[in-house]
Amino acid sequence: MSSDVAVQIDRVGKRYGRHWALRDCTLSLPAGRIIALVGANGAGKTTLLHLAIGLMPPTEGSVSLLGTPLKPGRPQTLSQVGFVAQDHPLYRGFTVAEMLRYCRKTNTRFDQAGAEGRLRDLGIPLNRRTGRLSGGQQAQVALTLALAKQPRLLVLDEPVASLDPLARREFMKTLIAAVAETDVTVLLSSHVVTELERICDHMVLLRGGRVRLAGDIDDLLAGHRVLTGPRVDDAALDGLVTATHGERNSHLLVRQPATAPTHPRWEAHPVNLEELVLAYLEGQD
Amino acid sequence: MLWVTWRQHRAALLTGLFLLAAVTVPTLVSGFAMHEEYRAAGIAACLTDPEARAGCAQLLDQFTAHYGQWGNRMIWVTFLPALIGAFVGAPLLAREFENGTWRFAFTQGVSRTRWLLTQLTVVGAAAAVLALACSVLFTWWRGPLDAMSSPMRTAAFTVSPGLVALTLFALALGLFAGVLLRRTVIAMGLTLAVYLTVRITLEETLRPHYLSPLVRTDAQKAADALPPTAWVVDEGLITTAGNRLSDGDERKILQQVYDGDTVREGGAALERYLAEHGLRHYTEYHPADRYPIMLIIEIGLYLGLAFALFAAAAYLVRRRTS
């Protein structure tokens, strides 16, 4: 199962007017994994997510979802995808129960009992209007609705960006518990790297509308290291990602396997995810 | 989807029903009184018998004075389509885009086309039924007045079944403005502005020319030359050569005949002047029996506009990505 591809993105580009939000993007997102989509604001994360679920068509290239080419807006596709949009929009005048009913009426599959159970465990009353719930509770309701569709792909766009740290942790806890015993593929965008490290096992990094890094997090960490040594201002090494210079020392983040031989002037250290992400986010074009 | 649509618009639907009930009661009360008076006073007989007409003048005047004022108030129903367009049509899509809920609605297992068609059908049918109920009620009420004057005058046209087409046009306009602008308040404003512009232009400029008006010329100004149910769209003076006088020339003649003073002696001096100079009166009018065809043309125009706007809105909804 894990060798299957959930979303295949082929040379995809998306243009808004004259501006390319996403360009020349080729990705295979493995099925059954929790995939982090990382990038600065405006890097094209939301665009990529919307393309991946067919909320809009790409300007060029093609997307296939769960093995079939994606045609935007097709109900068969939409009912296989759970989507929690940025700021988890809900109808503010609807009660929680009415939101459940909305989803039940518009989807072929809907796990009403499971959704009610989850909301009860979270202490969210069904008869409360969604506009009167806290931000964290709204996010939980949006997640519950997406999960109740029993999707094969669950996509979350900055699900915790607007939440306080406590609500953030609660949300992630619900998410992990919900997907643990299923083979659902989760694709979530975020810029809270520490959260991602705990739950994600695959990562895609965008900068300036292009994919700069993609792969299993373990492989990515094993494939990079930090070299420390006396200061050099014009280091030209194979696979150099970024160089930071102290007064006497230089720290180079390089794309090299741990086993690669190094010049004796450098001392090699393993890299952590946060260093790796920051290095690629800062990288030059 | 049906339940979803009902849930999203039930407040508007209930408000519509409440408004309808609120105007039905006084309209029925005054309508029954008017119909009774019309029958009891024998006005119908006055109208059918030209001989009796002169003797009826006072009776007719009294009746018109009493109920005409009431009837003019019905002009408020022209606001019904505007209300539905601005408060139901415009927010229907604008609110989804403004609050971001379109990303929720369009990622459920229902295609955008079906989503929009269901909303359109339910809301459109409700608006049409409401408009039809109003038009039937007010057309019935106006019955006696329309027998006494042209049914094609503004108030009559407005409360006709044309109200249904006008309402659908306003609704489609609101939908289109909503998906185009994606801001509820701005879309409501644009809907009102365009609705009023289109309606006033159509009413003032186009409606008299749906069919070419008939023309008649009279040597003498004869008040009862045309039946009162004809719709006079233009009148003025015409030379023997068939040239119509401009408004300026007409004013000059009046100035000359009455020397800047008010018109005296029922205009006898003017008639003498016209006869001496070979000028005659002309009247452009639509006879009352043209009412149905004029109405059908107007309904066709509004339904055509409504359909085009619905189609444009559907096209934009399918394409919208932000």
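How many residues does the contact take from chain B and from chain A? In this predicted model, the contact takes 23 residues from chain B and 30 residues from chain A. The area buried between the two chains is about 2,300 Å², with carbon and sulfur atoms giving 63% of that area. On the chain B side, the most area is lost to chain A by Trp3(B), Arg103(B) and Phe104(B), which together account for 30% of what that side buries.

Polar interactions also occur between the chains. Nine residue pairs are in polar contact between chain B and chain A, and two salt bridges are counted between them. A salt bridge joins the side chains of Arg7(B) and Glu98(A), with an N to O distance of 2.8 Å. The elements of chain B that give two or more residues to the side touching chain A are α1 (2-40), α4 (79-99), α5 (102-105) and α6 (112-148). Of these, α1(B) provides the largest share, five residues. Sorted by class, this side of chain B has nine nonpolar, nine polar and five charged residues.

Pro81(B) lies in helix α4 of chain B and counts as buried because its relative accessibility is 0%, where buried means under 20%. Beyond its neighbours within four places in sequence, Pro81(B) is in contact with Leu163(B), Leu166(B), Thr167(B), Ala170(B) and Tyr195(B). The C-alpha atoms of Pro81(B) and Val164(B) are separated by 8.4 Å, although the two residues are 83 residues apart along the chain. In chain A, Thr174(A) lies in helix α6 (residues 165-180) and is buried, with a relative accessible area of 10%. A polar atom of the Thr174(A) side chain lies 2.9 Å from the backbone oxygen of Glu170(A). Outside the four places on either side in sequence, Thr174(A) is in contact with Arg118(A), Leu122(A), Gln140(A) and Leu143(A).

Over all chains, the count comes to 14 salt bridges. In chain A, Arg33(A) forms a salt bridge with Asp216(A), the closest N and O atoms being 2.8 Å apart. Arg33(A) is in the loop between β2 (19-30) and β3 (34-39) and Asp216(A) is in strand β10 (residues 210-216), so the pair ties together parts that are 183 residues apart in sequence. Arg33(A) is buried at 16% relative accessibility, whereas Asp216(A) is partly exposed at 23%.

In chain B, the side chains of Arg207(B) and Glu298(B) meet in a salt bridge at 2.8 Å, N to O. The pair ties together parts 91 residues apart in sequence, because Arg207(B) lies in the loop between α9 (184-206) and β1 (214-218) and Glu298(B) in helix α12 (residues 291-319). Arg207(B) is buried at 2% relative accessibility, and Glu298(B) is buried at 7%. Asp249(B) forms a salt bridge with Lys252(B), with the closest N and O atoms 3.7 Å apart. Both residues lie in helix α10 (residues 247-258) of chain B, three residues apart, about one turn of the helix. Asp249(B) is partly exposed at 32%, and Lys252(B) is exposed at 56%. Salt bridges with shared partners join Arg199(B), Glu203(B), Arg207(B) and Glu298(B) into one network.

Methods:
Residues are numbered from 1 along each chain as its sequence is written. Chains are lettered from A and ligands numbered from 1 in the order in which they are written. This is a predicted model: local features need pLDDT of at least 70, side-chain atom pairs count only at pLDDT 80 or more; totals for chains, interfaces and linings use all residues. Side-chain values use heavy atoms; hydrogens and water are left out. Contact means heavy atoms within 4.5 Å. Buried area is the accessible area (1.4 Å probe) that two parts lose on being put together, summed over both. A salt bridge is a side-chain nitrogen of Lys or Arg within 4 Å of a carboxyl oxygen of Asp or Glu. A polar contact is a pair of N or O atoms within 3.5 Å; within protein, one must be able to donate a hydrogen and the other to accept it, and residues adjacent in sequence count only if both atoms are side-chain atoms. Helices (H or I, at least four residues) and strands (E, at least two) are DSSP runs, numbered from the N terminus. Ala, Val, Leu, Ile, Met, Phe, Trp, Tyr, Cys and Pro count as nonpolar, Asp, Glu, Lys and Arg as charged, and the others, Gly among them, as polar. Buried means under 20% relative accessible area, exposed over 50%, partly exposed in between (1.4 Å probe, protein chains only).
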